Amino acid sequence: MYWFVLRCAPGKELALLQTIQTRFGVECFVPIERKRQHDNHGRFVWRERCALSSYIFVHAEKDAFNQIPKAISMVHAMMHMVEGLWHLVVVPDKAMTDFIRVSGNKEERAVYLDPAKLNFNKGDRVRVIGGTFTGVEGHFMQIGGKHEKRVVIQLDNFIAVGTAAIPAALVEKI
């Protein structure tokens, strides 16, 4: 089984996630984030929404995955070109597991980043050895203030997600 990526219309992710899970019986994931917004009366309320608009991650065999875009016209398989040929975007299991642990954690606030804006040459490859994200591997980076350090998990130059601030003592270089 592999993790594949589907694209859909913005705002339709959760409805399509339910449809795919019930019709095809496969595991799906959509990262959710909580945003503080004003309601109609000017009060602040917390609302949940999709953190990555238009993306659904699907864990399935290739044959089963290929049936989804054929059966549901609102979704398309995400592809990338390698040596002049189009291939499905496949996310490695370890990377996806770490991505789900970081972005699916309601207790810690994740930060979603554009990998094109990150310079991984400055960061070292690290593993978190303590706390909520024990075992997560990524790049140790500085984002924002000089005391705010995060481990960034990147999925195949597709998306990057940063953990909450982590003390340097809980990170080891690999």
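**Confidence**

I began with the confidence of this predicted model, and found a mean pLDDT of 78 for the chain, with 68% of its residues reaching 70 or more; pLDDT is the predictor's confidence in each residue, from 0 to 100. I then looked up residues 117-121, where pLDDT stays under 50 and for which the model has nine contacts beyond four places in sequence, a contact being heavy atoms within 4.5 Å. I note for my own use that local features need pLDDT of at least 70 and side-chain atom pairs count only at pLDDT 80 or more, while totals for chains, interfaces and linings use all residues. Residues are numbered from 1 along each chain as its sequence is written, and side-chain values use heavy atoms, with hydrogens and water left out.

**Whole chain**

I recorded three helices and 15 strands in the chain; these are DSSP runs numbered from the N terminus, with helices (H or I) of at least four residues and strands (E) of at least two. Of the 174 residues, 42% are buried, where buried means under 20% relative accessible area, exposed means over 50%, and partly exposed lies in between (1.4 Å probe, protein chains only). Taking contacts between residues at least 6 apart in sequence, I noted that 62% join residues at least 24 apart. The chain exposes about 10,200 Å², of which carbon and sulfur atoms supply 51%; accessible areas come from the Shrake-Rupley method with a 1.4 Å probe, and for residues only the protein chains shown count as cover.

**Salt bridges**

I looked up the salt bridges, each a side-chain nitrogen of Lys or Arg within 4 Å of a carboxyl oxygen of Asp or Glu, and the structure holds three. One of them joins the side chains of Arg-49 and Glu-33 at 3.0 Å, N to O. Arg-49 lies in strand S4 (residues 44-50) and Glu-33 in strand S3 (residues 32-38), so this pair ties together parts that are 16 residues apart in sequence. Arg-49 is partly exposed at 40% relative accessibility, whereas Glu-33 is buried at 15%.

I next took Asp-39 and Arg-43, whose side chains meet in a salt bridge of 3.4 Å, N to O; Asp-39 counts as buried, with 16% relative accessibility.

In the pair Lys-94 and Asp-98, the closest N and O atoms are 3.1 Å apart. Both residues belong to helix H3 (residues 93-103) and sit four residues apart, about one turn of the helix. Lys-94 is partly exposed at 41% relative accessible area, while Asp-98 is buried at 3%.

**Arg-7**

I turned to Arg-7, which is found in strand S1 (residues 2-7) and is partly exposed at 36% relative accessibility. Leaving out residues up to four places away in sequence, I listed Ser-54, Tyr-55, Met-74, Val-75, His-76 and Met-78 as residues that Arg-7 touches. With Tyr-55, the side chain of Arg-7 makes a polar contact of 2.8 Å; such a contact is a pair of N or O atoms within 3.5 Å, and within protein one must be able to donate a hydrogen and the other to accept it, residues adjacent in sequence counting only if both atoms are side-chain atoms. I also noted Ala-77, which is 70 residues from Arg-7 in sequence and 6.3 Å away in space, C-alpha to C-alpha.
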